[in-house]
Amino acid sequence: MCAGDSAVVIEFGDSIDMKINARVQQLRRYIENSHLYGIVELVPTYRSLAIYFDPLAVGDIGLFFEKLKSMAQRTKGEVSKGGLVIVIPVCYGGEFGPDMENVASHTGISEEEIIRRHTAPDYYCYMLGFTPGFSYLGGMDESLATPRLKEPRKVIPAGSVGIAGKQTGIYPIDSPGGWQLIGRTPLRLFDPQGEQPFLIDAGMWVRFKGIGKEEYDEIASEVASRTYKPEILQKSGDVA
């Protein structure tokens, strides 16, 4: 499907599904590795891939579209259990999790158990959106599901970890929002001055790790001095 004269969107379905997203990520990798001339940017979503290109650099647009179509047809909905896992340290509750009591009251689960359940699974990042680096994560324990705040906050601090319905996510920059905040990470998810602006990318896995205030401050200091190295694992658990 064309989206103007310099973009095309290839859709694989109409639902949030790991098999559909696997095809999106596979097509993205095919294009990245193909070195097709004229590609400007690739933007994956839950179910589609937007391909932005320079029409003047592409040349034969018909041939260009045929190559994209061929690569899309080669994709398969095979969900890999492997992949990169980034560990996100989070200080839960207290000043960093002002809505922890709301979640506990709504779910009937103790704060300690909320933390245990929230840090238990690995979360799959389907896509980035809303604000730069905001990751849409799948895999939260549904027992933690809690409605959004009735009145959104005007400013939520960067790094805040929240719950909205059956979703969980991290605010990468200071921004308005209505998610129930249960903690905060000292990591910088969006750094426009960094070698890689986004800490989390679509197709990666996220693992939350509970930390105390002292460790939070130590990591925050290292992040500020650009000496902190995020813990990156393989899905098998081996360091990448």
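Visitor: In which loop is the place of His35?

Guide: His35 sits in the loop between H1 and S2. Helices (H or I, at least four residues) and strands (E, at least two) are DSSP runs numbered from the N terminus. Before we go on, a word on the model: it is predicted, so local features need pLDDT of at least 70 and side-chain atom pairs count only at pLDDT 80 or more, while totals for chains, interfaces and linings use all residues. Residues are numbered from 1 along each chain as its sequence is written, and side-chain values use heavy atoms, leaving out hydrogens and water.

Visitor: Thanks. Is His35 buried or exposed?

Guide: Buried means under 20% relative accessible area, exposed over 50%, and partly exposed in between (1.4 Å probe, protein chains only). His35 has 68% relative accessibility, so it counts as exposed. His35 also has a positive phi of about 60° although it is not a glycine, and its place in the chain is just after H1.

Visitor: Which other residue has a positive phi of about 60° although it is not a glycine?

Guide: Arg226 is one. You will find Arg226 in the loop between H6 and strand S13 (232-234).

Visitor: Let's look at H1 itself. How many residues does it have, and how far does it reach?

Guide: The expected span of a helix is 1.5 Å times one less than its number of residues. Helix H1 (residues 18-34) has 17 residues and reaches 24 Å from its first C-alpha to its last, close to the 24 Å expected at 1.5 Å a residue.

Visitor: What happens at the start of H1?

Guide: Here we need polar contacts: pairs of N or O atoms within 3.5 Å, where, within protein, one must be able to donate a hydrogen and the other to accept it, and residues adjacent in sequence count only if both atoms are side-chain atoms. At the start of H1, a side-chain oxygen of Asp17 comes to within 2.8 Å of the backbone nitrogen of Lys19.

Visitor: Which residues of H1 are buried?

Guide: An α-helix has 3.6 residues a turn, so residues three or four places apart point the same way. In H1 the buried residues are Ile20, Asn21, Ala22, Val24, Gln25, Gln26, Leu27, Arg28 and Ile31. They pack against strand S1 (7-11), strand S2 (39-44), strand S3 (48-53), helix H3 (61-74) and S5.

Visitor: Gln26 is in that helix. What does its side chain reach?

Guide: The side chain of Gln26 reaches the backbone nitrogen of Lys76 at 2.7 Å. Gln26 counts as buried because its relative accessibility is 17%. Contact means heavy atoms within 4.5 Å, and beyond four places in sequence Gln26 is in contact with Arg74, Thr75 and Lys76.

Visitor: And where is Gly77?

Guide: Gly77 lies in the loop between H3 and S4. At a relative accessible area of 30%, Gly77 is partly exposed. Leaving aside neighbours within four places in sequence, Gly77 is in contact with Lys19, Ala22 and Arg23.

Visitor: How do I read the core? Which residues have the most contacts inside the largest one?

Guide: A nonpolar core is a set of buried Ala, Val, Leu, Ile, Met, Phe, Trp, Tyr and Cys residues joined through side-chain atoms within 4.5 Å. The largest has 31 residues, and those with the most contacts inside it are Ile88, Ile200, Val206 and Phe208. Strand S4 (84-92), helix H4 (100-107), strand S5 (123-128), strand S8 (160-164), strand S12 (205-210) and helix H6 (213-224) each supply at least two residues of this core. S4 gives the most, with five residues. Apart from it lies another core of 17 residues, among them Val8, Phe12, Leu42 and Leu68.

Visitor: What does Thr185 do in its loop, and which loop is that?

Guide: Thr185 is in the loop between strand S11 (180-184) and S12. With 1% relative accessibility, Thr185 counts as buried. A polar atom of its side chain lies 2.7 Å from the backbone oxygen of Pro89, and the Thr185 side chain also reaches the backbone nitrogen of Leu187 at 3.2 Å.

Visitor: How many disulfides does the structure hold?

Guide: A disulfide is a pair of cysteine sulfur atoms within 2.5 Å, and the structure holds zero. Cys125 is buried at a relative accessible area of 0%, and Cys91 is buried at 8%.
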